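Trainee: Hi! Could you walk me through this one?
Mentor: Happy to. Here it is.

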Amino acid sequence: MPEAGRRLLGVVVVAAVAGSACERPDPALMPDEVLQSELGLTEDDRVHTIRISTGVGERAEPDTLTVRPGDYVQFVTADRMVHEVHFVLDSIPDSARAFLERTGQDRSPPMVELDARFVVSFEGAPEARYVYALVGNRQRGGGHIVVASPAD
């Protein structure tokens, strides 16, 4: 192969490798306009959604979620019942508890409107299992969020 052809092939290979290393944002995790304007999030931020509703008891959908350090989780009400999110501080590691308390994210205010939100930022959060309880008008519910780095 001529020298110019080898150089061009090398550039193409480098460009292909560099392009595959750039992760494209997942459209399902992009913040909406409200989160972008109110919190200054960008399309590169990852926002997971947990819908809260009331049936026989308080329900979260999904009730188990795995996120990356730096991701956001928004708890969104699906009805007009009273809902509160409380992280169960005695059920999570000390470092995770300290993170939630330091950032003031250990519990939500009462959420009573349809589509009310409580947004938790896991920026700087230690990898751990974060257990939460849902408190409201009916039997207590809950779930957990696992903060973990993606597998290589």
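Mentor: One definition before we start: a salt bridge is a side-chain nitrogen of Lys or Arg within 4 Å of a carboxyl oxygen of Asp or Glu.

Trainee: Got it. What kind of model is this, and how are residues numbered?
Mentor: This is a predicted model, where local features need pLDDT of at least 70, side-chain atom pairs count only at pLDDT 80 or more, and totals for chains, interfaces and linings use all residues. Numbering starts from 1 along each chain as its sequence is written, and side-chain values use heavy atoms, with hydrogens and water left out.

Trainee: How many salt bridges does a search of the whole structure find?
Mentor: The search finds 4.

Trainee: Which residue does aspartate 71 form a salt bridge with?
Mentor: Arginine 46, with the closest N and O atoms 3.0 Å apart. The pair links distant parts of the chain, 25 residues apart: aspartate 71 is in the loop between β3 (64-67) and β4 (72-77), and arginine 46 is in the loop between α2 and β1 (47-54). Helices (H or I, at least four residues) and strands (E, at least two) are DSSP runs, numbered from the N terminus.

Trainee: Is that pair, aspartate 71 and arginine 46, buried or exposed?
Mentor: Aspartate 71 and arginine 46 are both buried. Buried means under 20% relative accessible area, exposed over 50%, and partly exposed in between (1.4 Å probe, protein chains only).

Trainee: What does arginine 117 pair with?
Mentor: Its side chain meets that of aspartate 32 in a salt bridge, at 2.7 Å from N to O. This pair also links distant parts of the chain, 85 residues apart, with arginine 117 in strand β6 (residues 117-121) and aspartate 32 in the loop between α1 (3-21) and α2 (33-39). Arginine 117 has 32% relative accessibility, so it counts as partly exposed. Aspartate 32 is partly exposed too, at 31%.

Trainee: And where is arginine 97?
Mentor: Arginine 97 is in helix α3. Its side chain forms a salt bridge with aspartate 94, 3.0 Å from N to O. Arginine 97 is partly exposed at 26% relative accessibility, while aspartate 94 counts as exposed at 53%.

Trainee: Which residues is arginine 97 in contact with, leaving aside neighbours within four places in sequence?
Mentor: Leu89 and Ile92, where contact means heavy atoms within 4.5 Å. The C-alpha atoms of arginine 97 and alanine 125 are separated by 9.8 Å, and these residues are 28 apart along the chain.

Trainee: Switching topic: how many helices and strands does the protein chain have?
Mentor: It has 3 helices and 8 strands. From the N terminus, the order is α-α-β-β-β-β-β-α-β-β-β.

Trainee: Why would you call β5 largely enclosed?
Mentor: Because 4 of the 5 residues of strand β5 (residues 83-87) are buried, the rest of the structure largely encloses it. Strand β5 runs antiparallel to strand β7 (residues 128-136), and 5 bridges join them. Glutamate 84 has valine 135 in β7 as its bridge partner. As for the term, two strands pair if DSSP finds at least two bridges between them.

Trainee: What about the protein chain as a whole?
Mentor: Of its 152 residues, 36% are buried. Among contacts with a separation of 6 or more, 64% involve residues 24 or more positions apart.
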